[in-house]
Amino acid sequence: MGYRIVVAGATGNVGREMLNILAERDFPADEVVALASRKSLGTEVSYGDRTLKTKDLDTFDFTGYDMALFAIGSDATKTYAPKAAKAGCVVIDNSSLYRYDSEVPLIVPEVNPEAVHGYSKKNIIANPNCSTAQMVVALKPLHDRAKIKRVVVSTYQSVSGAGKDGLDELWDQTKSIYNPTDSKPPKAFQKQIAFNVIPQIDVFMEDGSTKEEWKMVVETKKIVDTSIKVHATCVRVPVFVGHSEAINIEFEEFLDEDEARDILREAPGIMVVDKREPGGYVTPIECVGDFATFISRIRQDPTIDNGLSLWCVSDNLRKGAALNAIQIAELLGREVLKKG
């Protein structure tokens with residue numbers, strides 16, 4: 001007997017990707033229900049070789065369903081996640097609403113799978129921020145070997161992280177550059193995104209950091225180790241899909257770049273592509289549609305005693321969102337629910 005699964009927010013970028021990945025990975029589901037808001041009611045979405053019609057999230061009864069994958073944003077999650085959880089359906093939430101709740105586990109399965117057993121306090125599991133997810137996959141195996149003291153990360157985040165509006169804005173503005181009579185002022189972003197980079201993701205906080213940068217700090221501590229110091233600068237770039245990160249790591253003890261490369265090659269969820277020649281690295285366009293987190297440009301940092309730098313690229317709609325949620329569902333099934 002397989003699982004009865006709900007995907008809430010099935011018409012959005014992440015919700016559609018969740019359905020794709022459930023089918024691709026042959027998740028043992030007897031039933032999959034696609035939910036959407038009333039304005040999208042009846043919209044058809046793909047699930048493998050099948051087509052599902054969306055049902056109304058507002059009136060849906062979660063009783064009897066095993067897991068609900070939520071991709072509906074924090075405001076809607078605040079309303080519907082407790083309803084699902086109360087009905088006995090475990091919520092795996094992609095919004096930021098529960099990430100910082102001490103009673104809700106925040107999970108990247110390659111990093112802290114043991115945390116899944118804490119789901120029962122609220123019947124909710126949180127999915128981390130997309131930029132955090134790919135980074136901690138790279139950090140954890142290195143931390144296990146040499147203990148990380150400090151991380152300085154600069155992100156180069158694609159517009160798909162801002163949803164369909166972000167994708168549309170980059171597309172429309174790029175076209176308008178070549179048509180002077182067709183001006184497309186910024187709406188989804190603070191400034192023009194076409195042929196530009198924007199050093200702001202989310203709102204500014206009192207200390208001058210943005211909320212996206214704060215998320216990376218707090219989530220890394222919760223997922224990997226509270227003692228790790230993190231300093232982040234998050235930048236939106238004119239790339240449709242795929243987040244990139246330049247990560248500088250300071251360890252408590254020396255870690256040779258060759259050993260680090262070998263450790264990462266053996267680590268779950270990682271592909272190392274690191275040739276010191278033109279093109280011997282991975283860029284965002286090459287990672288689209290892939291499950292892996294790609295690591296390149298591994299090298300010593302000679303400016304500190306125990307430093308390494310690396311380049312990290314991943315499909316943010318997959319590892320940063322939908323794939324990680326499905327991996328959590330697989331983990332929950334394997335370790336706790338044990339059906340299918």
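Which residue in β13 does Ile 270 stand opposite? In the predicted model, Ile 270 faces Thr 293 of β13. The two strands concerned, β12 and β13 (residues 293-301), are paired in the parallel sense, and three bridges connect them.

This pairing belongs to an open sheet of six strands, arranged in the order β10-β9-β11-β14-β13-β12. The pairing within the sheet is mixed. Its edges are formed by β10 (229-236) and β12 (270-272), each of which pairs on one side only. From one strand to the next, the twist averages 25°. Helix α5 (residues 211-223) packs on the sheet and touches β9 (148-157), β10 and β11 (243-251). The direction of α5 makes about 145° with that of β10.

The cysteines were examined next. With a disulfide taken as a pair of cysteine sulfur atoms within 2.5 Å, the count comes to zero. Cys 234 illustrates the point: the nearest cysteine sulfur belongs to Cys 130 and is 9.0 Å away, so Cys 234 is in no disulfide under the cut-off of 2.5 Å.

Note on methods
Residues are numbered from 1 along each chain as its sequence is written. This is a predicted model: local features need pLDDT of at least 70, side-chain atom pairs count only at pLDDT 80 or more; totals for chains, interfaces and linings use all residues. Side-chain values use heavy atoms; hydrogens and water are left out. Two strands pair if DSSP finds at least two bridges between them. Helices (H or I, at least four residues) and strands (E, at least two) are DSSP runs, numbered from the N terminus. Axes are lines fitted to C-alpha atoms, for helices over the stretch in contact, and angles run from 0 to 180 degrees between N-to-C directions. Contact means heavy atoms within 4.5 Å.
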